[in-house]
Amino acid sequence: MDKKRMIYSLSDLIDEVDKLDHSRVLWYRGHSDINWELIPSVQRAPYKDREQFLANDFYMKASVTLHEKPDYRNYSAWLSIMRHYGLPTRLLDWSASPLVAAYFAVESWKEEPDVDGCIWVLSPSALNSEEGFNEYLYSIDSHTALQMIRPAFKAEYEPGNPNVKDSILACYPIENDLRIYVQQSAFTLHNTNRKLIDVPGNDILRKIIIPKEAKERIFRELKLMGFSLSHIYPDASHIATELSE
């Protein structure tokens with residue numbers, strides 16, 4: 001996975017995306033810091049090895065406050081709720097839009113003026129094939145995904161059990177949420193401590209670098225095209241924040 005390019009404008013980004021193989025679906029993820037690891041939040045400090053504690057505590061405490069809650073055995077739905085409310089999970093967010101990914105890579109250019117950003121490009125079907133699944137993209141409530149979500153809640157389903165795959169799966173959300181629709185969201189589901197960048201295969205991942213000096217320009221170009229805080233996060237609190245700024 002050594003294929004990478006450098007861009008200085010949205011025009012450069014479009015040129016790079018245009019060069020990609022679009023015979024398969026492609027997903028994108030923006031990092032404002034090029035040094036960030038491509039791992040889900042629950043595998044980062046200080047949450048590592050605490051996933052089951054977080055998941056089960058959330059289930060017990062959030063059950064009291066939710067007006068409508070899934071059945072306790074509906075692990076896929078509970079994982080989606082956890083992610084929706086910001087709890088660290090084994091899901092890594094992606095977008096079908098390179099412009100959405102670019103926004104996440106440059107939105108904090110004022111706070112991070114001295115660090116390069118990047119956009120990761122993923123071929124989800126190639127990932128699924130390499131990981132031993134079918135090439136098609138699964139839904140998060142599919143039986144295949146469920147086998148990889150249960151370990152977040154129950155120790156007996158952890159990798160090591162012959163019926164549990166130590167794998168990464170590309171899947172689509174099913175929840176009815178405007179933010180997911182606007183961000184054109186997708187996920188990789190990580191039931192392993194193996195890193196995505198270590199999955200073999202030349203066609204799975206590539207990296208587009210955004211030099212620190214290009215972040216402001218790309219941010220302003222995105223703003224001209226209608227990509228703003230309230231567009232990416234279409235709710236009242238973010239609209240208020242944007243108007244205040």
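Student: Which residue stands opposite Leu189 in S7?

Tutor: It is Leu169 that faces Leu189 of strand S7. Strands here are DSSP runs (E, at least two residues) and helices are runs of H or I with at least four, numbered from the N terminus. This is a predicted model, in which local features need pLDDT of at least 70, side-chain atom pairs count only at pLDDT 80 or more, and totals for chains, interfaces and linings use all residues. Residues are numbered from 1 along each chain as its sequence is written, and side-chain values use heavy atoms, with hydrogens and water left out.

Student: How do S6 and S7 pair, parallel or antiparallel?

Tutor: S6 and S7 (residues 185–190) are antiparallel, with four bridges between them, where pairing requires that DSSP finds at least two bridges.

Student: And what about S5 with S6?

Tutor: Strand S5 (residues 138–139) runs parallel to S6 and is joined to it by two bridges, and Tyr138 has Cys171 of S6 as its bridge partner.

Student: Why is S6 called largely enclosed?

Tutor: Strand S6 (residues 168–172) is largely enclosed by the rest of the structure because four of its five residues are buried, meaning under 20% relative accessible area, with over 50% being exposed and anything in between partly exposed (1.4 Å probe, protein chains only). Cys171 counts as buried because its relative accessibility is 0%.

Student: Switching topic, which residues of H1 are buried?

Tutor: In helix H1 (residues 10–18) the buried ones are Leu10, Leu13, Glu16 and Val17. They lie on the same side of H1, because their arc around the axis is only 115°, taken from the directions from the helix axis to the C-beta atoms.
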